[in-house]
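Subject: Structure handover

Hello,

Please find the structure below. My notes on it follow.

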Amino acid sequence: MDIITLTGVEARGTHGVLDQEKESAQTFLVDAVMEVDLNQACRSDNLVDTVSYAQIASRIVSVVEGEHVDLIERLAQKIADSILLSYRIRRVTVTVHKPQAPLGLPFADVSVTIVRDSPLSDDGSQKDLSVSKASQAAAKISDTTQAPAVHHAVISLGANMGNTADTLRSAVVSLDAIPGNQVTGISPLYRSKAWGMPEGTPDFSNALVQLDTSLEAEELLSSLHMIEAAHGRSHKVHWDSRPLDLDIIDFDGRLDPDPHLTLPHPRAWQRAFVLAPWLDLDPHAVLPGNHGGAVADLLKKAPDKDVVEKTSDKWILGGLV
C-alpha cells in the first residue's frame, strides 16, 4: 500500500477538560498518514484517481474548529472518521498535538496517535458488522448477482461556520465518494439570511445536489449524519449555527410521514434557500406532497425569498465568481 502524509495541519479549537480550555481556543497540530493504492493515479496523472490533500486538510480543520470534546483521544477519532470518508483511503494514522496543554510544567509537546482502518475492505465489501448502514449498503454493491435499485435523491447543503464554501465542497466530495452514490447535479452557491434564528446569526451558504444512489433512504440519512459529524456537526441543537447541514429533500418522489425521516422534507416548500438552487438545477422540478407543487411556483411564495441571493456559479471548482 502507498502512503500520503500530511503533517502539521494547524487549527484552533476549544478542546479539553478544564473550564478555561472550553472557553479559550488553543492551537492543535494534526498529522495524518494515509495508506492508499496509488497505482491508478501514478499512471493517469489525474487528481480523481488519488486523494485531495486540500480536502483532507479542510476536514481536519473543520473537526478541530467544530464541536467541543474533552479528550484529544476523542478528537483524534473524529478526525480519523472524517478522513476515512474518502473511500480510497484504507488506513489512516492520526496524531493530534496539543502544544499549549495546561500542564503547569515546562514541556515541548503532548500528542496522541491512533491507527484506524476503513470500514470497507479492498473490494468494497463490509469488514465489520458494527459499521454504519451506509457501509452495509456498500457491501450489497459488491454482490454482482443482484444489481441494486437506483434511487434518485435531492440533497440540500448549508453551513454558516468557518469557510463555508470549502465545507460544502468537501461535503459534495464525501457524498460522491460513498459507494453506491453518484452526484449527478450541483447547483450554484447561494447566500441566505439566518431566517428564524436569533439576530446576529451569520448568513448561511446553501447549495443543492441531485444524487443517484443504491442506498435506501434510511441508509442515505445515516451517511449524511456521518458526513455532518466529520465536519463537527451536532444534532443536539436544531435552530442554531452549524458547520454543516445536510437534508434529504426528496427521495424518488416518495411520501412518508415517519418523523425520523419525513419525505419529502416537511419544510422544503417554504424555504427559498432550498427552492432557488433546486430551480437552477431543474426548471421543471416538482416537490411532491400536500404542500408540494412546481418549485418555480413555490419559490414565488416562499417567505424568505427576499433574503436569498446567488453568489457563485463556479464555487464547486474553487472559484467564487
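How many bridges join S1 to strand S2 (residues 26-36)? There are 10 bridges between S1 and S2, and the two strands run antiparallel. Before the rest, a word on the source: this is a predicted model, in which local features need pLDDT of at least 70 and side-chain atom pairs count only at pLDDT 80 or more, while totals for chains, interfaces and linings use all residues. Residues are numbered from 1 along each chain as its sequence is written, and side-chain values use heavy atoms, with hydrogens and water left out. Helices (H or I, at least four residues) and strands (E, at least two) are DSSP runs, numbered from the N terminus.

The sheet

S1 and S2 belong to an open sheet of 4 strands, in the order S1-S2-S3-S4, with antiparallel pairing. Two strands pair if DSSP finds at least two bridges between them. Strands of a sheet pair through backbone hydrogen bonds, either parallel or antiparallel. Strand S1 (2-13) and strand S4 (111-117) are at the edges with a single partner strand each, so one side of each has no neighbour in the sheet. From one strand to the next, the twist averages 15°.

Helix H3 (residues 53-64) lies across S1, S2 and strand S3 (89-97), and runs at about 35° to S1. Helix H4 (residues 72-83) lies across S2, S3 and S4, at about 150° to S3. Axes are lines fitted to C-alpha atoms, for helices over the stretch in contact, and angles run from 0 to 180 degrees between N-to-C directions. Contact means heavy atoms within 4.5 Å.

H3 in more detail

The 12 residues of H3 should span 16 Å at 1.5 Å a residue, and the end C-alpha atoms are 17 Å apart, which agrees. The expected span is 1.5 Å times one less than the number of residues. Buried residues (under 20% relative accessible area; exposed is over 50%, partly exposed in between; 1.4 Å probe, protein chains only) of H3 are Gln55, Ile56, Ser58, Arg59, Ile60, Ser62, Val63 and Val64. They pack against S1, S2, H4, S3, H6 and H7.

H3 and helix H6 (residues 164-177) pack at about 115°, with axes 10 Å apart. Gln55, Ser58, Arg59 and Ser62 of H3 make this contact with Asp166, Thr167, Arg169, Ser170, Val173 and Ser174 of H6.

H7

Among the buried residues of H7 are Leu220, Leu221, Leu224 and Ile227. After H7 comes glycine 232, with a positive phi near 90°.

Backbone points to check by eye

Most residues other than glycine have a negative phi, and most peptide bonds are trans. Aspartate 45 has a positive phi, near 55°, and lies in the loop between helix H2 (39-44) and H3. Aspartate 45 counts as exposed because its relative accessibility is 75%. Aspartate 252 also has a positive phi, about 60°, in the loop between S9 and H8. With a relative accessible area of 36%, aspartate 252 is partly exposed. Leucine 263 and proline 264 are joined by a cis peptide bond, with omega about -10°. Proline 264 is in the loop between strand S9 (245-251) and helix H8 (272-281).

Regards
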